[in-house]
Amino acid sequence: MPPRTILVFDVDGTLTAARQVISPEMRQFLLDTRKRVPLAVVGGSDLNKITEQLAKDRNTLLSMFDYTFSENGLLGYKGTDPYPIQYLENDFDVIHFFGDKTSPGGNDHEIFADTRTIGHTVSGPEDTKLQVLSVLENYENFV
Ligand SMILES: [Mg+2]
């Protein structure tokens, strides 16, 4: 059986330019990618702020990702049901995390350095795209 794999994304500097809204291209990229592998987002701010950056409303946000985590993972949703972030390690064998502030002291460092994730440092949304495509290429060769 292939490993159950999920891609987890930071918001600012990873899916969007810092404090900006997501580009239509990046949104489409996520929709296309989600046809191949489950996706999650982990934002440092609350759900309203994450919604402002990524979707037109909360339901749209929750429908774009399999899992949505706000406040650095404190509050999680699977679709619209509550879902603790710790459950990911039971539901998936391979957890890729993409973030821009992954150095010690950065807000992505903890999840990036966690032994349960494979961490990827990105320089912005375009780089995120390239790194996701590279991960998926290896993933689908394995499958
Ligand atoms: Mg960031």
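User: Which residues does UniProt list for "binding site"?

Analyst: The UniProt entry, which is unreviewed, lists Asp10 and Asp12 under "binding site". Such an annotation may be inferred rather than shown by experiment. The model discussed here is itself predicted.

User: With which residues is Asp10 in contact, leaving aside its neighbours within four places in sequence?

Analyst: Asp10 is in contact with Val42, Phe98, Gly99, Asp100 and Asp108, once those neighbours are set aside. Contact requires C-beta atoms that lie within 7 Å.

User: What makes Asp12 count as it does, buried or exposed, and where is Asp12 found?

Analyst: The count for Asp12 is 21 C-beta neighbours inside 10 Å; the threshold for burial is 20 or more, and Asp12 therefore counts as buried. Asp12 is found in the loop between S1 and H1. Not counting residues up to four places away in sequence, Asp12 touches Ala18 and Arg19.

User: Why does Gly76 count as buried?

Analyst: Gly76 has 20 C-beta neighbours inside 10 Å, and since the criterion reads 20 or more, Gly76 counts as buried. Gly76 lies in strand S4 (residues 75–78). Beyond residues up to four places away in sequence, Gly76 touches Tyr67, Phe69, Pro82, Tyr83, Pro84 and Ile85.

User: How far apart are Gly76 and Glu110 in sequence and in space?

Analyst: In sequence, Gly76 and Glu110 are 34 residues apart, and their C-alpha atoms are 17 Å apart in space.

User: How many helices and strands does the protein have, and in what order do the elements run?

Analyst: The protein has 6 helices and 7 strands. From the N terminus the order is β-α-β-α-α-β-β-β-α-β-α-β-α.

User: How do you know that the protein is as compact as a globular protein of that length?

Analyst: For 143 residues the globule rule gives 15 Å, and the radius of gyration is 14 Å, close to that value; the protein is therefore as compact as a globular protein of that length. The C-alpha atoms fill a box of roughly 40 × 35 × 30 Å along the principal axes. Of the 143 residues, 29% count as buried.

Note on methods:
Residues are numbered from 1 along each chain as its sequence is written. This is a predicted model: local features need pLDDT of at least 70, side-chain atom pairs count only at pLDDT 80 or more; totals for chains, interfaces and linings use all residues. Helices (H or I, at least four residues) and strands (E, at least two) are DSSP runs, numbered from the N terminus. The radius of gyration is taken over C-alpha atoms; the globule rule is 2.2 Å times the number of residues to the power 0.38. A residue is buried if 20 or more other C-beta atoms lie within 10 Å of its own, exposed if 12 or fewer, and partly exposed in between; C-beta atoms are placed from the backbone. Two residues are in contact if their C-beta atoms, placed from the backbone, lie within 7 Å.
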